[in-house]
Amino acid sequence: MKKFCLLGLTLFFVVISFAQSDVYVAGFTISTEGKQVAALWKNGVEQHVTDGTRNAFASSVFVLGNDVYVCGGEMNAQNIGVAKLWKNGKPQDLTDGTYNAEASSVYVSRNNVYVVGYERNAQNRSVAKLWKNGKAQNLTDGMYNTWDELSVFVSGKDVYVAGRENNAQGNSVAKLWKNGVVQNLTDGTLSAAATSVYVSEGDVYVAGWEGGRSGIVAKFWKNGVVQEDLSSGSINAWTVSIYVDNKDVYVAGLAYDTSPVMIAKLWKNGELQNLSDGTFWTRPTSVYVSGNDVYVAGYGYNEHRINVAKLWKNGVVQDLTDGSLNAVAKCVFVNKL
C-alpha cells in the first residue's frame, strides 16, 4: 500500500478505498441460439469462457495471483463430453473425448493445479478422477457409479476429495478421499452424499446429506463425525457447500419446508438464515467468506420459470442475468486485491 506525504491523509484514504476484492462466479448461460455457454462473472460482469459453438459449462473457479482457473466440460464434435480446464481463458482437455467426462472442482496450491471430476468407462460407469497438473488418478475402480458433485481441497501436502459412490444395493455412500485413500462417511443403508470439503487448522469439514423415503437430512461432518442436524423443521434438506473462517462454520444448502418450493438456506454455526422467501424455487451452489462478507452463489426461477444466476452478499441477492434466458451460477471465489 502506497502513501504520498505531499497530499497527506486525504490521499491515504483514497488509496484505502480501492483496496477491494474481485468476486468471480462460474456457471453457464443459454445463448439465443439455444446453446449452453460456459460463463464467468467478474464483479457482476459476464464473460464467456466458450464460444457457444458446442454445449459447455463452468462448474468451479479458483484465482491465484493474476491467474484465473476455471473447470467444467464441453461437448466435442462427436457430442461426447470432455472434462476441461481453462487457465486465463486458454482451454486444456483433461480427457480425450472417448467417453463422457466432466470436471467439477478446481484448487491451486504451490503451483500445482488439482481438478476432480469423473469419466465414464467402457462399461458406461462413471469413475471418480483427480487430475494433478493434467495427469489423471482414478479414485474409484469403476465397479459402481460415482456422481458429478466431487469437491477438492488442498491443505499442505494433503489432497482431500469429497464425493459419493454407489454400493451393491444401489445406495450412494458419502465418501472422503485423503491422498487417494477413501473413508466412508455413511454406512450405505440410506443414500447419502458428500458435496463439499474444507480443511481448517487441521480439522476436516465435509458438507452433504443422507436420507430415504422418510426424508433427506442436511448434514456436515467434522473429522468424520456427524455434527448437529441442520434440517430441523424441513421435510427434505441438502447441504451443498461448506466454508470455515476461523472457528465459524458456514454451510449453504436448500430445503423443502412446508411448501413445495425449494428455499435457499445458509447456516452459520448452526444458526439458519433463509436466502429466499419461498415464492420461487431457488438453489444455492457455493459459499465463500472474505473478511466480514459472506458470498453465496446459486440460481432460481423467476415469474416466467426461467432460471436466473444469482449471487448473495451478506444475505442481499444480486441477479447476474436478466432472466430472459436460463442461466446457472455454480461457484463463487473472492480474490483479495
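**Figure 1. The loop between β14 and β15, with N179.** In this predicted model, N179 lies in the loop that links β14 (172–178) to β15 (181–184); helices (H or I, at least four residues) and strands (E, at least two) are DSSP runs, numbered from the N terminus. Although N179 is not a glycine, its phi is positive, at about 55°. N179 is partly exposed, with a relative accessible area of 40%, where buried means under 20% relative accessible area, exposed over 50%, and partly exposed in between (1.4 Å probe, protein chains only). Residues are numbered from 1 along each chain as its sequence is written, and side-chain values use heavy atoms, with hydrogens and water left out. As the model is predicted, local features need pLDDT of at least 70 and side-chain atom pairs count only at pLDDT 80 or more, whereas totals for chains, interfaces and linings use all residues.

Figure 2. Strand β10 (residues 126–132) is joined to β11 by 4 bridges, and K129 has N138 in β11 as its bridge partner. The loop between β10 and β11 contains N133, a residue other than glycine with a positive phi near 55°. N133 is partly exposed, its relative accessible area being 43%.

Figure 3. P260 belongs to the loop between β21 (248–256) and β22 and is exposed, with a relative accessible area of 73%. A distance of 9.8 Å separates the C-alpha atoms of P260 and F280, which are 20 residues apart along the chain.

**Figure 4. The largest pocket and its lining.** The largest pocket has a volume of about 960 Å³. Of the 40 residues that line this pocket, S105, S151, T195, T285 and C331 are the closest to its centre. On a 1 Å grid over the protein atoms alone, a pocket is an open set of points where a 1.4 Å probe fits, with protein on both sides within 12 Å along at least five of seven lines, and lining residues have an atom within 4 Å of a point. Grid points are joined across faces, edges and corners, and the volume is the space filled by probe spheres set on the points. Strands that each supply at least two lining residues include β12 (151–155), β16 (191–200) and β28 (327–336), while β8 gives the largest share, 7 residues. The lining divides into 25 nonpolar, 10 polar and 5 charged residues; Ala, Val, Leu, Ile, Met, Phe, Trp, Tyr, Cys and Pro count as nonpolar, Asp, Glu, Lys and Arg as charged, and the others, Gly among them, as polar.

Key. Pairing = 2+ DSSP bridges.
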